[in-house]
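Let's take a friendly walk through a protein model together.

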Amino acid sequence: MKRISVPERPGWKEQAEKLGFGFHTMYGAPYWDETRAYQFTLEEIERDLEDPSQELYGMCLDLVDRVVRDDALLEKMAIPQTYREWIRKSWENSEPSLYGRFDFFYDGTGPAKLLEFNADTPTALYETGFFQWIWLEEQIAAGVIPQNSDQFNSVQDRLIERFAAMFAPGYHIHFASSKDHDEDRATVRYLEDCAKQAGLTPHYVAVEDIGVDAEGRFADKNAFVIDALFKLYPYEDMFREDYGPFLPGSKVHLIEPPWKAILSNKAILPLLWEMFPGHPNLLPSYFDGEAPAEFEASAFVRKPLFSREGANITVRGLEGGDVTTPGSYGEEGHILQAYVEPPKFGDDYAMIGSWIVGGIASGILIREDREKITQDLSRFVPHIILDT
């Protein structure tokens with residue numbers, strides 16, 4: 001694994017604008033950065049990222065099977081009592097999942113270390129599955145990168161296959177994101193297109209415009225009943241909405257399914273460590289207040305059970321002092337995770353996201369930042385596979 005410098009494609013910003021990637025630059029700084037790329041060997045991809053992602057996903061399913069049967073653990077995870085039986089039935093009925101994303105630290109020299117699992121509302125899907133693939137094809141055609149270059153990226157094909165497997169042709173499915181959030185809207189628009197390619201009939205509804213009719217059915221602002229809903233909106237937030245109490249009886253087919261409310265919770269990190277102690281891809285993790293003294297004597301990270309995009313993360317025990325990111329999460333509780341120094345390339349720290357689509361490891365993304373904690377404005381950098 002190494003970072004290489006590459007020339008940008010002429011006119012790529014205009015291309016991005018035409019293709020709906022209007023947030024390639026945010027607040028005057030690049031979000032998409034193609035002045036560099038990461039190069040992997042096929043062995044690094046298969047042995048150190050693809051295979052561990054597949055194994056970890058299986059471990060996560062084992063964890064769900066344990067947690068749904070244990071009210072004490074559901075309580076510890078701050079899952080409201082009102083929704084526990086609904087979540088349990090979702091798991092027992094094998095309601096299908098579409099996708100999720102593991103986040104890793106990996107530098108090419110040892111086992112990838114799991115930071116968290118974005119199991120419910122991961123973003124950067126469009127950039128991974130579509131735009132970085134276009135970058136690869138065009139840079140090969142331009143002779144910038146070798147003809148035999150490849151990319152670990154079957155994300156788009158797998159999404160289309162998964163939609164086709166989950167729903168009958170022509171099925172109506174609503175896609176929802178929050179108003180005035182360009183990145184989320186782009187992710188949802190991309191999934192709408194994948195659903196259309198799978199033969200489905202997509203509709204968009206803003207999260208704020210979802211309502212409940214007199215029969216307790218979910219409906220959009222045009223009073224069109226929502227039979228299936230992909231929501232780029234976390235379960236913990238849905239539980240707080242006015243329509244939250246109607247969820248268990250609504251019969252709406254939700255994507256992600258309700259059992260993903262367990263895996264989107266960072267409490268899975270100490271639970272995975274308890275179930276699979278010493279696993280090479282896991283970092284020692286504990287619930288806040290339960291860590292042994294020797295653990296807290298070294299550097300560790302304190303994370304809220306619920307948070308997005310690196311918010312409210314604290315790194316303690318660093319030589320230069322503690323580091324904390326801003327945000328509004330944390331009232332439900334925290335977990336502690338052993339600190340590992342993030343891989344550094346030049347002046348930048350790198351994080352790898354590994355996508356699971358339909359239960360299959362399907363591709364990666366790379367995010368870079370000058371800071372050690374990846375946040376919402378961290379840069380997206382493409383990658384290639386090249387054995388030299």
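## Charged partners

Lys303 and Glu116 form a salt bridge, with their closest N and O atoms 3.9 Å apart. Lys303 sits in strand E14 and Glu116 in strand E6, so this pair ties together parts that are 187 residues apart in sequence. Strands (E, at least two residues) and helices (H or I, at least four) are DSSP runs, numbered from the N terminus. A salt bridge here is a side-chain nitrogen of Lys or Arg within 4 Å of a carboxyl oxygen of Asp or Glu. Both Lys303 and Glu116 are buried; buried means under 20% relative accessible area, exposed means over 50%, and partly exposed lies in between (1.4 Å probe, protein chains only).

Before we go on, please note that this is a predicted model: local features need pLDDT of at least 70 and side-chain atom pairs count only at pLDDT 80 or more, while totals for chains, interfaces and linings use all residues. Residues are numbered from 1 along each chain as its sequence is written, and side-chain values use heavy atoms, with hydrogens and water left out.

How many salt bridges does the rule give? The count comes to 30. Here are some of them:

| Pair | N to O distance |
|---|---|
| Asp348 and Arg3 | 2.9 Å |
| Arg217 and Glu215 | 3.6 Å |
| Lys303 and Glu116 | 3.9 Å |

Asp348 is buried, at 2% relative accessible area, whereas Arg3 is partly exposed, at 24%. In the other pair, Arg217 is partly exposed at 33% and Glu215 is exposed at 62%. Salt bridges with shared partners also join Arg3, Asp33, Arg36, Asp348, Glu368, Arg370 and Arg379 into one network.

On a 1 Å grid over the protein atoms alone, a cavity is a set of points where a 1.4 Å probe fits but cannot get out, while a pocket is an open set with protein on both sides within 12 Å along at least five of seven lines; lining residues have an atom within 4 Å of a point.

The largest pocket holds about 820 Å³ of space. It is lined by 43 residues, and those closest to its centre are Asp103, Glu116, Glu309, Gly310 and Thr374. E6 gives the largest share of this lining, four residues. By class, the pocket lining has 19 nonpolar, ten polar and 14 charged residues.

The structure also has one cavity of 30 Å³ or more. Its lining consists of Leu114, Leu269, Leu272, Trp273, Leu282, Leu283, Ser285 and Gln337. Helix H10 (residues 268–275) contributes the most to that lining, with three residues. Six of the cavity-lining residues are nonpolar, two are polar and none is charged.

## A helix to finish

Helix H7 (residues 182–197) has 16 residues and should span 22 Å at 1.5 Å a residue; its end C-alpha atoms are 23 Å apart, which agrees. That expected span is 1.5 Å times one less than the number of residues. The buried residues of H7 include Glu183, Tyr190 and Cys194. H7 is followed by Gly199, whose phi is positive, near 90°.

How values were computed:
Points joined across faces, edges and corners; volume = space filled by probe spheres on them. Nonpolar A, V, L, I, M, F, W, Y, C, P; charged D, E, K, R; others polar.
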